[in-house]
Amino acid sequence: LLNKNPASLKNRMNESLKEIKGMVVNKTIGTTPNLFLLCAEGHYLIHQDYGDYELGQMLSVEGVVKNHVIQATKIEVVKDTRLSSAIHAILEKKTTPIKKSPLIDHPVSKALFKDFEAAARLVAEKVFTYTPVLVRYDDDADGITSAVELKQGVLDFIARHELTLPPSFIKFTKDEAIYELKTAQEDCEWAQGFAKKPLLVLLDHGANTESIPALTQAKSWFDIVIVDHHPPNLEAAALANLFISPFTKDSSVIASSFCTGLLSYEIASRIGQVDETLAWIAMHADHSRFRKGEWPQVLALEFVQDSKKNPPFEDFENVLSGKGFELAYKKALAKIRLVMHESVHHVKIHSAGTALIQVINLSKLVKKNSFPSKSRTINELHRAFEEKNPSLACITLGYADNSLSFRASDSANSAGFKANALITQLKQSHSYAITSGGGHEQAASMRFKPEFHDTVLKTTLDEVKKFF
């Protein structure tokens with residue numbers, strides 16, 4: 001009979017009766033939930049019908065074991081300080097950040113060292129204790145590379161420790177520049193599907209004024225980590241359990257060069273193995289002062305992002321791994337050449353002292369949900385504008401029905417022009433019209449009510465001219 005059922009024999013050989021002791025680190029929802037137990041021998045999933053147990057309780061479990069899954073025949077709550085100490089020592093050891101030097105040798109990197117380690121340990125602890133993790137990333141190249149870095153580090157950590165987290169416990173999803181209240185409400189509904197408070201990681205956004213209502217709601221259901229290199233709102237930053245930002249160490253312009261892809265790399269590479277190339281791609285994408293070389297992956301990422309309404313995360317990973325890069329890059333170049341050719345009909349040039357200002361009607365050049373985006377279009381036109389006028393301060397204003405974007409050359413910035421400061425000023429003087437805005441000194445944007453389009457555009461242009 002055994003010879004006729006080799007699979008059955010193999011399955012029975014893999015089963016054994018066993019007693020284990022460990023700590024409940026998570027559980028499913030229900031009156032007799034499945035339990036995730038951390039033991040000296042590793043993690044076990046306990047199927048049981050004896051009742052509910054509290055997170056953090058120490059249990060002695062007897063039952064039939066197969067591949068670290070136990071069908072419990074007996075469960076007892078134990079009070080054993082030595083066992084508790086041993087389990088916590090395991091957790092401490094297994095989640096200790098990988099020791100490494102910062103990628104960029106700079107005082108800000110060194111000042112952030114402990115923050116990187118704290119964030120790495122927190123994420124590792126959550127994963128090691130089978131805590132759900134939701135990662136939301138801004139949908140530009142910097143935000144995308146940040147998310148891929150974190151995923152690489154987490155997956156390596158999971159493989160190294162032979163963890164078997166349910167797929168639903170780790171989720172990556174794109175966001176925009178603001179963490180919206182509606183999005184937070186959806187996230188909170190997701191969190192209610194778990195017995196343990198999940199971790200929410202916001203990459204390349206979330207530390208702005210507009211995100212405060214969403215953060216306030218999410219805080220009741222999540223532990224929150226914000227990794228963001230944009231100038232922060234302190235109230236928003238304070239709502240996070242951990243806030244990783246170069247501006248907490250240095251308020252000068254150099255801080256924004258520590259783009260989120262660089263910050264995320266420093267965190268993720270202390271969790272597990274991460275491709276360093278991703279950090280350099282992010283620095284190139286966000287024009288960091290530390291960037292080196294040319295990284296065409298940025299253009300390919302933007303093409304994938306803007307060519308579909310909701311591209312799957314795997315599409316970005318394919319581009320960054322090289323698998324889907326070449327085709328996306330060639331298509332992107334062709335689209336950009338077409339837009340550059342058409343732009344001559346939709347650009348006006350204004351002079352102001354030592355500066356030239358080009359004003360672009362992006363509505364005529366950019367189609368909704370298509371490549372190139374408004375951001376890429378204004379970047380390409382501003383770059384060409386600078387190359388044509390190397391001796392002048394160059395400002396580019398790109399407008400649509402309800403938005404206005406800024407780009408400023410290094411010479412304009414050296415002369416003291418700061419796009420984000422001007423937006424702050426305009427939000428105060430035209431609060432009835434401008435609904436949101438922010439960014440960096442040389443690249444920023446704002447939104448306004450469409451009915452005030454002409455007023456906002458004229459006022460902005462006048463203010464830029466006044467500066468020079």
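**Figure 1. Salt bridge between Asp462 and Lys458 in helix α18.** In this predicted model, local features need pLDDT of at least 70 and side-chain atom pairs count only at pLDDT 80 or more, while totals for chains, interfaces and linings use all residues. Residues are numbered from 1 along each chain as its sequence is written, and side-chain values use heavy atoms, with hydrogens and water left out. Asp462 and Lys458 form a salt bridge (a side-chain nitrogen of Lys or Arg within 4 Å of a carboxyl oxygen of Asp or Glu), and their closest N and O atoms are 3.0 Å apart. Both residues lie in helix α18 (residues 453-467), four residues apart, about one turn of the helix. Helices (H or I, at least four residues) and strands (E, at least two) are DSSP runs, numbered from the N terminus. Asp462 counts as partly exposed at 29% relative accessibility, and Lys458 counts as exposed at 56%. Buried means under 20% relative accessible area, exposed over 50%, and partly exposed in between (1.4 Å probe, protein chains only).

**Figure 2. Salt bridge between Asp52 and Lys27.** The N to O distance of this pair is 2.9 Å. With a relative accessibility of 46%, Asp52 is partly exposed, whereas Lys27 is buried at 14%.

**Figure 3. Salt bridge between Glu317 and Lys151.** The closest N and O atoms of the two side chains are 3.3 Å apart. Glu317 belongs to helix α12 (residues 313-321) and Lys151 to helix α5 (residues 141-160), so the pair ties together parts that are 166 residues apart in sequence. Glu317 is partly exposed, with a relative accessible area of 22%, and Lys151 is buried, with 17%.

**Figure 4. A network of salt bridges.** Glu302, Arg376, Glu380, Arg383 and Glu387 are linked in this network. The structure holds 23 salt bridges.

**Figure 5. Leu150 and the largest nonpolar core.** A nonpolar core is a set of buried Ala, Val, Leu, Ile, Met, Phe, Trp, Tyr and Cys residues joined through side-chain atoms within 4.5 Å. The largest has 96 residues, and those with the most contacts inside it are Val127, Leu150 and Met283. Leaving aside residues up to four places away in sequence, Leu150 touches Val135, Phe172, Val201, Leu203, Ser264, Ala268 and Ile271; contact means heavy atoms within 4.5 Å. Another core, of 27 residues, lies apart from the largest one, and among its residues are Ile357, Ala408, Ala419 and Val464. In soluble globular proteins, nonpolar side chains tend to be buried together.

**Figure 6. Surroundings of Gly206.** Gly206 lies in the loop between β8 (199-203) and α7 (212-218). At 0% relative accessibility, Gly206 counts as buried. Residues up to four places away in sequence aside, Gly206 touches Ala177, Ser211, Leu215, Ile226, Asp228 and Ala236. Gly206 and Gln425 are 219 residues apart along the chain, and their C-alpha atoms are separated by 21 Å.
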